[in-house]
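Subject: Structure for you to look at

Dear colleague,

I am passing on the structure we talked about, together with some notes on what turned up in it. Please open it alongside this message and read the two together.

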Amino acid sequence: MNAELKLKMLDILLVEDNPDDVLLTELAIKESNIQGSFTLANNGKAALEILNDIVSTGEKLPDLILLDINLPKVNGLEVLKEIKSNKSTSIIPTIVFTSSDAMSDMRSSYENGAELYIRKPNNIQEYKKIMKYIVENSFRF
Amino acid sequence: MNCELKLKTPSLEKTLKKLKAIEDISYACSNLFTSDMPTVSEKVMKPFCELAGCDVGVFMLLKKPQEQIYIISTYGLSQTFIETYNTKLKYTIHSEDVSEYWPSLRSVLRKQIVLIKDTTTRKVEYSKLFRNSVGPETIRSIASVPIVVNNEAIGAITLYYRKPQDFDDEELSFIKATTNIITGTIERNHLLETAKKSERELAQANEVLKHVNQELDSFVYIASHDLREPLRTIESFVSIVQDRMSKNLDKENNDYFMRIVNATRRMRKLIQDLTHLARATKDTKEKEREVVDLNLLLNEIQFELTAFIQNKNAEIIMPDKLPNVIGNKEKITSVFKNLIANGIKFNKSEKPRIIITLDNDANFDTDKIGFCIEDNGIGIEQEYQGKIFELFQRLHSQDEYEGTGAGLAIVKKILEKYNCEICVESDKGKGSKFYFTLPKEIN
């Protein structure tokens, strides 16, 4: 029971510039009856600033980062590099969530320390499955 | 007898000298492959004028585009004369103080040799500079020969004599012969220049074309990637609406809705194919010249197509040992996979059969190796065989054979990148044979 409660309150940093994808991710989580709290960063630079603030103020780190690759200002792979090369943030499970199907993006993601690489689906059922999987398995990452 | 010989000797000597001069001039001209006219004229004017026996000679060309009267070389005049004439006066044939009674202009305008045996009996005018430098009252005879290239008079050589001349046949033919040699040289150089210019222009056009092609390739690449994003959003939200509304929709609306779903699916397929096409044209740099083991590659393709092959009860027959080729593994895979899958897909036989053979024709380039992929499928009518390699060309309706018609275009594009070719031999109902080449592994 306790474990379930903990899962439901997952604190996610969503790094995503496309409002449609933000909405889809929120919907998927809501419709799966998972209650995660979202912090949204709509570009790579903003994501790194949010993380820096958290680290410097000693607040609780997000439980999970969902990171898009194709981002304005600082691209997702660079954000990933920053997160994983910084001791204070490298422990945060980071899932690259992108529409890119380029092998090179997948390879770079894993090389730079991503815990998982997931391609964005094109229907809500898949979205839900993915969110459910992520939330339920977050402790393993 | 003796007396007669003696009399003839001086004139023979003169003729010999003239022949020698013609030889010199022609030699000077034949060694000039550039349109370096000052050099041509310099080497030509002196022997020409000396042998013609004139006192002053002027070699003039009309310089485009203004048709400036431009002196490139003189005989019996100073260098300052040329400089003043060309850089200060800058006469054009349209200048007010230029007269058609200038002997050189007269021959140019008429495209004819102008011979003035006695200047006192004919109207002759000169430029002010010429009058000041030469003193025209001393000039008694003039010969001006136009230089005609491509039926256009582009200049003239004008000879001025202080002693009156008769311009007998021998004299005239000497002048004509020499001018012909000079004209020939100019003509040849002109042709060479033109050829060089076209060559340059062609190279430039090629460069532009290459650039445009590259831009087009990257456009397709970018477009196909950027188109996918909004499509994915459409599909996702359609799936939400479908989820929520499908039970409430009546038959008609449900039909409309399904059309949206199908259209987006088709669009996804089209964009996917565009992406594949873009990849076929995109250089992956270091990975363009890998050694590709075809035995391995074909095993992988068969594995990937397992379900499809089993569903259609198809079989693939190929040699036990296939050679290595050079290229990008993904692209070569795409070539074989498309051709094999097509052979099975467009096939109504109970047992679709694909036969892959090596096709070593002596006509191929030595660095290429030939293949043939044969099927027992529905075949392609003669009249459509040229069309099948074009992008999004389809010969069948969607209900008959699903697809976008990009496969063979992708195959062809990949092969073109490797300077390889593909062709088809087929007839309706008699299967198809696709012949193509790939870069050979050179040991």
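In what order do the five strands of the open sheet in chain B run? The order is β7-β9-β10-β12-β11, and the pairing between these strands of chain B is mixed. Please keep in mind that this is a predicted model.

At the edges of this sheet stand β7 (315-317) and β11 (422-426) of chain B, and because each has a single partner strand, one side of each is left without a neighbour in the sheet. From one strand to the next, the twist averages 20°. The partner of β7(B) is strand β9 (residues 353-358) of chain B, and the two pair in the parallel sense over three bridges, with Ile354(B) in β9(B) as the bridge partner of Ile316(B). Helix α10 (residues 329-345) of chain B packs on the sheet, where it touches β7, β9, β10 (368-375) and β12 (432-439) of chain B, and its direction makes about 20° with that of β10(B).

A separate pairing in chain B is antiparallel: strand β6 (residues 290-293) and β8(B) are joined over four bridges, and in this arrangement Val292(B) stands opposite Val325(B).

Leaving aside residues up to four places away in sequence, Phe48(B) touches Ala21(B), Ile25(B) and Thr178(B). In soluble globular proteins, nonpolar side chains tend to be buried together.

Turning to the contact between the chains, nine residues of chain B are in contact with 10 residues of chain A. On the chain B side, the residues that touch chain A divide into five charged, three polar and one nonpolar.

Finally, a word on confidence. Chain B averages a pLDDT of 86, and 94% of its residues score at least 70, while for the complex the predictor gives an ipTM of 0.79 and a pTM of 0.56. Where pLDDT is low, the predicted coordinates should not be read in detail.

Technical notes: Residues are numbered from 1 along each chain as its sequence is written. Chains are lettered from A and ligands numbered from 1 in the order in which they are written. This is a predicted model: local features need pLDDT of at least 70, side-chain atom pairs count only at pLDDT 80 or more; totals for chains, interfaces and linings use all residues. Two strands pair if DSSP finds at least two bridges between them. Two residues are in contact if their C-beta atoms, placed from the backbone, lie within 7 Å. Ala, Val, Leu, Ile, Met, Phe, Trp, Tyr, Cys and Pro count as nonpolar, Asp, Glu, Lys and Arg as charged, and the others, Gly among them, as polar. Axes are lines fitted to C-alpha atoms, for helices over the stretch in contact, and angles run from 0 to 180 degrees between N-to-C directions. pLDDT is the predictor's confidence in each residue, from 0 to 100.
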